[in-house]
Amino acid sequence: MRLGQFTCAALFAAVLSTGLVQAEEWSREGVISFDTRKILTELEEALTIHDEIPGLEKSRLIGRDQSDAEADLDELVQDAMALFESDAINRLHDQYRALEARIEEQEEKLIKYRSERVLAVADERSLRTRLMPGDTLKSFVAVTKADFDMLIEATENNIAAYEQDRALTLEQMSQALSAIGVQLDVEQLEAMMASVIGDDMLNMSVVFNTIKDMTAQLAELTQESGESLTHAKKYYGMVVILHRMMTGMQDNFIRDVDETYLPKLAGYKDSAKANIAESRRLIKEGGDRKTLEHNIESNRLTLKVIDLYADLLKRQRDKVAKANRVTRREMKVANNTYNTVSLSSSVVTLLREGAGTFDRLISLQMPDIREFQNEAIRDEFRNLTQRLAI
């Protein structure tokens, strides 16, 4: 392979913060690591506001009321959520998205070079591209078919390199998630990352697993405090806040699916059906049958992918909704227990049981992703994702 063909890929690798995340044996501790002191501080601040709410009026024109306190509590919980994320997963996620962006950029260049090659007059390589270093500079002076052939080959090689790195990144993500009990093979993970809910599902999987680990630490802290009633109640109150955090993430996910993504898909479906109807009408009026029938097939593929996409969103929404119902019930029980707790020894048991509850909640909403059926479905799926994200 000629020197300079991987100029873009090499430059990109150089500007990645730490380069590609190297292959390693992932452990739960390697994926989930958090600053317990910081989290305890955030949870304690949130618990203070939580305890303030019952003593406030439900609503008042002047001064602080329950809705004000609820808003402050939600903001604190949102801020605390960032502390539960995984640095390892975040690095892999950012790396994957950066590679996606580079692949898209190179594919756009490929279309441009192929178009310009058609308009090129001369066949031989020009002197300017022979003398000019680097693919980027060569692209500014390319004028012949051979010039563009060289650029096309280099760009195709760049795409292949980025695709390989993306595949390796997916493998690393799959292994890292497996270490915390989220079993997704590479094809399933790719389908999830290609969907508009991919980032949310990834974040929930990591945060909820971190919450489970934090609950275990709260049980240990309670025991180490000599089962002091003051400490026991405080730590159990933090579990109430953790339930609220889970509920908030689930509520946001369900709302996004129901109020944003499914309505958008319904609109795209109506447009595709209208395109098919118009194509059929134009055929009857004597329009180019071959072109219009191709348009009909394209819109039929779009309809198929829209149905697959909507089915994926609905199935995952239903799983999260089911888990949300359990979370809300457990949160009420936890809150009631917190308000009435009197024996510190029982709190240690309850905290340990809480870890089991979070395990059950995580399993209830594990991602249920089907593999892509073929390349056309995959491409259309990604196109829809870009439109949904706007």
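Q: The expected span of a helix is 1.5 Å times one less than its number of residues. How many residues has H8, and how far does H8 reach from first C-alpha to last?
A: Helix H8 has 35 residues and reaches 51 Å, close to the 51 Å expected at 1.5 Å a residue. Helices (H or I, at least four residues) and strands (E, at least two) are DSSP runs, numbered from the N terminus.

Q: What comes just after H8?
A: Glycine 181, with a positive phi of about 90 degrees.

Q: What ground rules apply to the model and its numbering?
A: This is a predicted model, in which local features need pLDDT of at least 70, side-chain atom pairs count only at pLDDT 80 or more, and totals for chains, interfaces and linings use all residues. Residues are numbered from 1 along each chain as its sequence is written, and side-chain values use heavy atoms, with hydrogens and water left out.

Q: What is the mean pLDDT of the chain?
A: The mean is 83, and 81% of the residues reach 70 or more. pLDDT is the predictor's confidence in each residue, from 0 to 100.

Q: Which element has the lowest mean pLDDT?
A: Helix H1 (residues 7-15), at 42, whereas helix H3 (residues 36-52) has the highest, 93. Over residues 1-18 the pLDDT is below 50, though beyond near neighbours in sequence this stretch has 28 contacts in the model. Contact means heavy atoms within 4.5 Å. Where pLDDT is low, the predicted coordinates should not be read in detail.

Q: How many helices and strands are there?
A: The chain has 14 helices and 0 strands. Of its 390 residues, 46% count as buried, meaning under 20% relative accessible area, with exposed over 50% and partly exposed in between (1.4 Å probe, protein chains only). Of the contacts with a separation of 6 or more, 80% are between residues 24 or more positions apart.

Q: Which residues does UniProt list as "coiled-coil region"?
A: The unreviewed entry lists residues 89-116 and 145-172; such annotations may be inferred rather than shown by experiment, and positions are given in the numbering used here, with feature names shortened. In the model, residues 89-116 are 100% helix, with the end C-alpha atoms 41 Å apart. Residues 145-172 are also 100% helix, and their end C-alpha atoms lie 41 Å apart.

Q: New topic. How many aromatic pairs are there?
A: The whole structure has 2. Rings of Phe, Tyr and Trp (its six-membered ring) pair if their centres lie within 6.5 Å; planes under 30 degrees apart count as stacked, over 60 as edge-to-face and the rest as tilted. Tyrosine 113 and phenylalanine 148 make a tilted pair, 6.5 Å centre to centre and 40 degrees between the planes. Tyrosine 113 is in helix H5 (residues 87-119) and phenylalanine 148 in helix H8 (residues 145-179), 35 residues apart.

Q: Is tyrosine 113 buried or exposed?
A: Tyrosine 113 counts as buried because its relative accessibility is 5%. Phenylalanine 148, at 4%, is buried as well.

Q: Why is the pair of tyrosine 309 and phenylalanine 381 stacked?
A: Because their planes are at 5 degrees, with the ring centres 4.3 Å apart. Tyrosine 309 sits in helix H12 (residues 289-340) and phenylalanine 381 in helix H14 (residues 375-388), 72 residues apart.

Q: What lies over the face of tyrosine 268?
A: Arginine 387, at 3.9 Å from the ring centre. Lysine 233 lies over the face of tyrosine 338, at 5.4 Å. The criterion is NZ of Lys or CZ of Arg within 6 Å of the ring centre and within 35 degrees of the ring normal.
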